[in-house]
Amino acid sequence: MSNSLSRRLRTTLFYALRTAFRLTPMPQRTRDRMRERFLDTKGHWVPEGPRGQAPSGDLPRRPYVRSDERAIGYVPYEKGELPDPLPVTLVAFYLPQFHTIPENDEWWGKGFTEWRNVTRALPQFEGHYQPKLPGDLGFYDLRNVEVMHEQARLAREYGISAFCFYFYWFGGKTLLETPLRNWLNDKTIDLKFCLCWANEKWTRTWDGRGDEILIDQQHSPEDDIAFIAHVAEYMRDPRYLRLEGKPMLVVYRPGVMADMESTSARWRAWCRENGIGEIHVSYVQSFEKPNPNEIGADSAIEFPPNAFNASSVSDRQCLINPAYNGSILDWRDIARRKSPGGDYSLIPCINPAWDNEARRPGRGRTFLHASPQAYRDWLTSAATLPPDGTECHRLLFINAWNEWAEGAVLEPSAYYGYAWLEATRDGLRRVERSKKAIELLTAPPCAVVHAWHPELLPEILLQLRESGLGWRIVITTSPEREVRVRACLQTLGQGDIEVVVFENRGRDILPFIKVAHRLEREGLDVVLKLHTKKSMHRRDGDAWRKDLIEKLASQRSASMILAAFIADETLGLTAPSGHLLPLSFYWGANEANVAHLASRMGLQPPEPGSETFVAGSMFWVRLRALRPLLDANLGDQDFEFEEGQVDGTMAHAIERMFVYSSHSAGLNVTTSAQLCGLDERGGTEYAFARKG
């Protein structure tokens, strides 16, 4: 029988069995056990998902020059305030796999740590962020207790209250316990902690499945007692995480225990008899979801992305590796999902990202479209869930602090810097603000002005000043223009205006996106985007610029547009009248780039006949309207070097996506004339560009 025929028969049988399995009534515990037994022995029967688009033979859309480049939304280390008290107790899962042990030397090669997996990863499709490299903490060795001091300090500064360490126990033998011992013995490490017994076998597949077992579990009543006696030393530590005074002990996979209910009873009895007292037993919903009351546990902990459904976006991706056989899923689906609730204590858990390509080269599972901003919003939402009447509702777990090979990391990275930690801290602040319902005073409007032609700055600044709105102004420019820009501001007596210097790449677009990232994190709402547009390839460039600025920043238009944004929360973008054009008329050489950018944003490409764009890229915008674009996690290398291009670049593609981004965020787009009660005035031809 041919392989293809065998695969088709196996696929047909799989779907038939799955349908029967779902229709057959049975207890949840039985269903979980049968599913896990099937995946453990017949995991290769699961049909392959959709494939990405094969490479066309061209080079990847962006050059891969180095692997430690920074994202546009890179955040440096910053001091910041936290709410006091914290609105929720954040507990981050912590992996101790970053030091050598003899067993890993034997199984994976001498000197192995998780860093070896991390550094071997390669991008498999365009926009695939790999390898994921550490930032300020470096390739640390957890035998060095100073590393854990620094981790604890960062965790506290950014709002993490505790680490939940994975604990590896195999019938009396422990692995990777050195970091935990160091933590236990160093009482100056000031952070709470608890243990999660990762009670599955270790296999070559890194997921506890398959028959190539490296070290197995030996669950038994005797092992239950030996285990609890060993971890009791940790639970006696005053820093150990407690709920209502009870030490919290977490089990990763209760389904692989012979009888979890009996095991829990033995643990509780031993702890009462040996001075620990009552304990709080919880389990992780990574592979199964039984009612904890039925297995002797007190609560369950969500564990995204495991056991969460997400749609496939594999077929939208352009492959770099034509043999790639992994799966690409939409992380936003799990972030949008609401905790189901129920008749037991369920502790929510959030996830910054996930991509285990490093552990499964060429066949990993990548959750695409995660971003620090979206993770922040998820944290804020999860932390404001209605209380369930127990102390559990004040806990929120995070998967994870340092799962580098699975792409679930809060620690500073080379690509994002401290963006995930800053998003954590900001999420806590937003929870507190929402609880207090503070009415913030309306801040002055902000104008972001890109100054490539400094001689035109006086014209723009004068227009802003005459509007009478008391602007906050941010000027972006390039290194070769900085001196002239600052001299111009001094001459105008406006030396206090903020000037931000970026490499001359991406014209006015890339600097604006970078500043927009920062302003969005600051909580700013509405921004006016301007630039010293000269359009040297056109004779009417000055007229084009003046018309754009007049319609956006004159005294009448600026005040009326700002008032409209304040009055209407659904208003996302306002274009200068006469410059909001049909995308189909001025598609130019941008179709392929727009399609690629839409994929990076997690959107279908726009329909040219139904979408518009702002010619000249000057407009008012609510930063929330840019979230699909800001969440695309672009980097400088996604933008071409400046070579005088007049079309067909990433900057031109983004110019054509601002309006689409606003629509995709569920916000409306209008023009200055519509808001000011004027006629649009304009013919079928646009005066400042040719169709094409």
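1. In this predicted model, a polar atom of the histidine 128 side chain lies 2.9 Å from the backbone nitrogen of glutamine 124. Histidine 128 belongs to the loop that connects α4 (114-120) with α5 (145-157).

2. The relative accessibility of histidine 128 is 4%, and the residue therefore counts as buried, the cut-off being under 20%. Apart from residues up to four places away in sequence, histidine 128 touches Leu122, Pro123, Asp355, Glu357 and Thr366.

3. Helix α14 comprises 14 residues (residues 509-522), which at 1.5 Å a residue should span 20 Å. The C-alpha atoms at its ends are 20 Å apart, in agreement with that expectation.

4. Most of α14 is covered, with 11 of its 14 residues buried. The buried set consists of Ile509, Leu510, Pro511, Phe512, Ile513, Lys514, Val515, Ala516, His517, Leu519 and Glu520. Just after the helix, glycine 523 adopts a positive phi of about 90°.

5. Arginine 622 forms part of strand β26 (residues 619-622). Its relative accessibility is 0%, so arginine 622 counts as buried. When neighbours within four places in sequence are set aside, the contacts of arginine 622 are Asp525, Val526, Phe565, Asp568, Glu569, Leu571, Gly572 and Leu667. The acidic residues Asp525, Asp568 and Glu569 are among these contacts.

Note on methods: Residues numbered from 1 in each chain as written. Predicted model: local features only at pLDDT ≥ 70, side-chain atom pairs only at ≥ 80, totals over all residues. Heavy atoms only, no water. Helix = DSSP H or I, 4+ residues; strand = E, 2+ residues; numbered from the N terminus. Buried < 20%, exposed > 50% of the residue type's maximum accessible area, 1.4 Å probe, protein only. Contact = heavy atoms within 4.5 Å. Polar contact = N/O pair within 3.5 Å; in protein donor to acceptor, adjacent residues only side chain to side chain. Expected span 1.5 Å × (residues − 1).
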